Amino acid sequence: MIDPKLLRGDLTQLQQQLATRGYSLDIEFWQTLENERKSLQVRTEDLQSKRNAGAKQVGALKKSGEDASELLAQMQSVSGEIKAAEEDLRSLQERINQAALQIPNIPAADVPVGESEDDNEEIRRWGEPRQFDFDIQDHTHIGETLGMLDFEAAAKITGSRFSVLKGQLAQLHRALIQFMLNTHVNKYGYTETYVPYIVNSESLTGTGQLPKFEDDLFKLSNHTNNEDTDFYLIPTAEVPMTNLVRGERLEAKELPLKFTAHTPCFRSEAGSHGRDTRGLIRQHQFEKVEMVNIATSDQSDALLEAMTAQAEYILQQLNLPYRVMKLCTGDMGFAAQKTYDIEVWLPSQETYREISSCSNCGDFQARRMGTRVKDGKQTSLAHTLNGSGLAVGRTLLAVMENHQNADGSVTIPEVLRPFMGGSARIEV
């Protein structure tokens, strides 16, 4: 959530900043709410002053032995008015909060202004795409020919946009997870976590998926406990890991906190019908190794650069060419103030495709979660960051395509071979 103070002042600049994100701020709506709030606030304070003055008068009357019953009756009436005014103010504040939850984060000053991915800024590239001397096959053909990737079985079990991995391909998938986790824990000092795959609505509100993006989530029903609580499958481990500090007051000297986890992720992809329906690019269920940093405002910019480099290191070790893109205002996620996407080269598509997204959310999520940092006598909101390190399924398909051989086999990157029993190839 953006700073509420911004919604109480001159809204013209805020409207212009949010317009670059494709969000239209209704200035008249917010001015009306603010005028109502001020009016109720003044009325409540006036009534409270009247009650306080009356209480002193009652005390003086009683002290002098005079009858205070009439004034007491008046004060009872004033107390009733105060209660009603305070309830009106609480109700209005809830309306303001709910409306504010729909507003995206404000872009950082160095984020390029643009409308779509076409306006993103390329920062750097690593590796040269391999030149093949045989016909390139996509990962779907490679996996099905090996008999290790089965979409028909998944469709029978569940439906479209699911997959079944078998044999060495399933083992390679697990090897990637182990390699990623070991790297983030042993090389970069992350704390490995095992977190719930089911979260409540408060957690999703804290990180920004709710209320705006409920249609993209898998909501659970028919649960027998906690009937007043809504539960959802996680769209990313960012949600449970970031919410580890929800409502907490952290000591500045203990930051940054660095968490990593491997989890399945579940997304209904409500807004992406027809996109990448074939293969592993866009699945309803996929695996991801996620990184989350909880930091001070002074640390977060540097941590975004470090987190991006940590995700890049994984691709370098796998010898997968990639590029890093700074996302424009119109292409960033709702909660982000600045994002780098890492895009891996896919030979079958002759293009780069997203494999990691690393974002600094500033204090946007912390304000929603009530997460603060104490530094001596000063208290401020924490900064939160998240990044994929990496999306496992997309890394798997990138390995399959970039390291495919003419005979249909796949060469296993050297760093993964210890997890594969020493095997150098996946083959029939």
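Q: Okay, how many salt bridges does the structure hold?
A: The structure, which is a predicted model, holds 17 salt bridges.

Q: Which residue does R90 form a salt bridge with?
A: R90 pairs with E87, and their closest N and O atoms are 2.9 Å apart. Both residues lie in helix α3, 3 residues apart, which is about one turn of the helix.

Q: And how exposed is R90?
A: R90 counts as partly exposed because its relative accessibility is 49%, and E87, at 43%, also counts as partly exposed.

Q: Where do R425 and D407 sit?
A: The side chains of R425 and D407 meet in a salt bridge at 3.3 Å, N to O. This pair links distant parts of the chain, with R425 in strand β17 and D407 in the loop between α11 and β16, 18 residues apart. D407 is exposed, with a relative accessible area of 56%, whereas R425 is partly exposed at 34%.

Q: Which residues are linked in a network of salt bridges?
A: That network links D110, E305, K326 and K338.

Q: Switching topic, which residues gather in the patch of negative charge on the surface?
A: The patch brings together E115, E117, D118 and D119. Of these, E115 is found in the loop between α3 and β1, and E115 counts as exposed because its relative accessibility is 71%.

Q: Last one, how many helices and strands does the chain have?
A: The secondary structure comes to 11 helices and 17 strands, and 50% of the 428 residues count as buried.

Key
Residues numbered from 1 in each chain as written. Predicted model: local features only at pLDDT ≥ 70, side-chain atom pairs only at ≥ 80, totals over all residues. Heavy atoms only, no water. Patch = residues over 30% accessible without salt bridge, like charges linked within 9 Å, V, L, I, M, F, W, Y side chains within 5 Å. Areas by Shrake-Rupley, 256 points an atom, 1.4 Å probe, with all protein chains shown as cover. Salt bridge = Lys/Arg side-chain N within 4 Å of Asp/Glu carboxyl O. Lys, Arg positive; Asp, Glu negative; His and termini not counted. Charge placed at Lys NZ, Arg CZ, Asp CG, Glu CD. Helix = DSSP H or I, 4+ residues; strand = E, 2+ residues; numbered from the N terminus. Buried < 20%, exposed > 50% of the residue type's maximum accessible area, 1.4 Å probe, protein only.
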